[in-house]
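This report covers a ligand site, a salt bridge and some backbone features. The structure comes first, then the details.

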Amino acid sequence: MKENFFTLRTVAWDDGRVKMIDQSILPGRLVYRSFDTWEKIAVAIKTLVVRGAPAIGVAAAMGLAIAASKSKAGSKAQLKVEMERAAAGLRATRPTAVNLFWAIDRVMGVLASTDGVPAIKKAVVKEACGMAEEDVLANRKLGEFGAKLLDDGDTVMTHCNAGALATVGYGTALGVIRAASEQGKCVKVIVPETRPALQGARITAFELYKDGFDCTLISDTAVGSMMQAGKVDKVVVGADRITKDGFVFNKIGTYQLAVLAKRHDVPFYPAAPSSSFDLKRTHDQVTIEERPFDEVVKFGGKRVAPKGVAVVNPAFDMTPPDLVSAIICERGLIASPVQDNIATIMG
Ligand code: MRU
C-alpha cells in the first residue's frame with residue numbers, strides 16, 4: 001500500500017477566504033492562492049486555476065459562502081439579491097460540468113430554507129464546507145467500488161485529469177486507481193497528454209508521478225496504437241456530466257478513447273460521484289464549452305498555426321451509452337446498458 005498519496009486539498013475554506021492550488025502553473029510550481037471575493041473565484045474557474053467538475057462545484061459553493069459572509073445586507077431579501085447576483089456570475093463561468101450548477105443550487109437552497117441574516121451566513125458556509133468533505137468521501141467510496149473492476153497487473157488508460165486535483169481530494173478515475181493500489185494491486189497507468197490544455201501531461205502525470213505510480217505519458221495521437229498493441233487492459237475516465245439517457249460528457253478526446261476501446265475489446269469505465277449526474281436532461285440539452293482559440297493555435301505559448309486559419313476548440317465531448325461498460329459511482333456500479341440502470345442506482 002502506498003503511503004504518500006496526494007494529501008493536499010485542491011480547494012479549502014480558510015477563515016472567510018478560499019485557498020486553492022493554482023493548477024494553471026502546474027507542474028512547474030505547486031502554489032496555493034487565496035481568494036476573497038466570489039468574482040475572483042469566478043475568474044479562477046474560467047481560467048482553469050481551479051478545474052475538474054467536482055472541484056469547480058465546491059469552489060463555486062465556497063464563492064457563494066464568501067458572498068454571504070462578506071455581505072452587509074440587513075435583511076434576508078437584500079442578502080438574497082446579492083447571492084443571486086453571485087450565483088449568476090458563477091453559473092456563467094463554464095457550462096458543461098453539472099457539478100457547478102448542482103453546488104450552486106444546493107447553497108441557494110440553504111439560503112431559501114434559512115431565516116435571519118446571521119443564521120444564513122453560518123448555514124451557507126457550513127453547507128459549502130460540508131460539500132468539500134462529502135466530495136472526498138464519495139471519491140473514496142467510488143474508488144472502492146471501481147477497484148473491484150481492476151486486476152493485479154492491469155494497465156489502465158485514463159484521460160485528462162480526474163484525480164485529486166480535479167476534486168477536493170483523492171479523485172474519481174484516479175481514486176479508482178488509488179483504491180486498487182491500497183488493496184495491494186499493482187496497476188500501471190497510461191496518461192494521454194490531453195491537448196489542448198494538457199491536463200494529462202501537466203496535472204495527471206504530476207499527480208501520479210508525485211505519488212509514486214508507474215505512469216507513462218503518451219501523445220493523444222498514440223492512444224489507438226497503444227490499444228492495438230494490446231498495452232491497455234482497461235480505460236477509466238472521469239465525467240463532467242452524465243445525462244439521464246446515459247451519455248457521458250468528459251474532456252475532449254474521451255469519445256476517441258471509448259470508440260477505440262470498443263474496437264479493441266477494452267472495457268471503458270467512467271467514474272463519477274452522484275453530483276456529476278444530470279437526471280433532468282438528455283444529451284441533446286447539454287452545452288459543450290468552447291474555449292479560446294489560442295489554446296489550439298499556440299503550443300507552449302508560441303504560435304504554431306498560420307494566422308487567420310479557422311479554429312474550433314470544444315472543451316468536452318460526449319460518449320454514447322453503448323460504448324460504456326459500466327459507470328462507477330459512490331452508490332455502486334451502474335451496469336450496462338447504463339441508460340436503463342442509472343435511474344435505479346441514482347433514485
Ligand atoms: O477542463 P477541465 O480540466 O475542467 O476538464 C476536466 C475533465 O474533463 C475531467 O475529466 C472531469 O472534470 C472529471 S474530474 C473528476
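## Ligand contacts

A polar side-chain atom of Arg 51 lies 2.6 Å from an oxygen atom of the ligand. This is a polar contact (a pair of N or O atoms within 3.5 Å; within protein, one must be able to donate a hydrogen and the other to accept it, and residues adjacent in sequence count only if both atoms are side-chain atoms). Gln 199 places a polar side-chain atom 2.9 Å from a ligand oxygen. For Asp 240, a side-chain N or O atom is 2.9 Å from an oxygen atom of the ligand. On its own the ligand has 410 Å² of accessible area, and the protein covers 99% of it. Accessible areas come from the Shrake-Rupley method with a 1.4 Å probe; for residues, only the protein chains shown count as cover.

The model is predicted: local features need pLDDT of at least 70, side-chain atom pairs count only at pLDDT 80 or more, and totals for chains, interfaces and linings use all residues. Residues are numbered from 1 along each chain as its sequence is written, and side-chain values use heavy atoms, with hydrogens and water left out.

The ligand is surrounded by 18 residues, where near means a heavy atom within 4 Å. Arg 51, Arg 94, Gln 199, Asn 250 and Lys 251 are the closest. Helix 2 (53-70) and strand 9 (248-251) each supply at least two shell residues. Helices (H or I, at least four residues) and strands (E, at least two) are DSSP runs, numbered from the N terminus.

## Salt bridges

The count is 20 salt bridges (a side-chain nitrogen of Lys or Arg within 4 Å of a carboxyl oxygen of Asp or Glu). One pairs Arg 106 with Glu 134, with the closest N and O atoms 2.8 Å apart. Arg 106 is in helix 4 (residues 98-113) and Glu 134 in helix 5 (residues 117-147), 28 residues apart.

## Backbone

Most residues other than glycine have a negative phi, and most peptide bonds are trans. The bond from Leu 26 to Pro 27 is cis, with omega near 5°. Pro 27 lies in the loop between strand 2 (17-21) and strand 3 (32-35). Ser 336 and Pro 337 are also joined by a cis peptide bond, with omega about 0°.

Leu 198 has a positive phi, near 60°.
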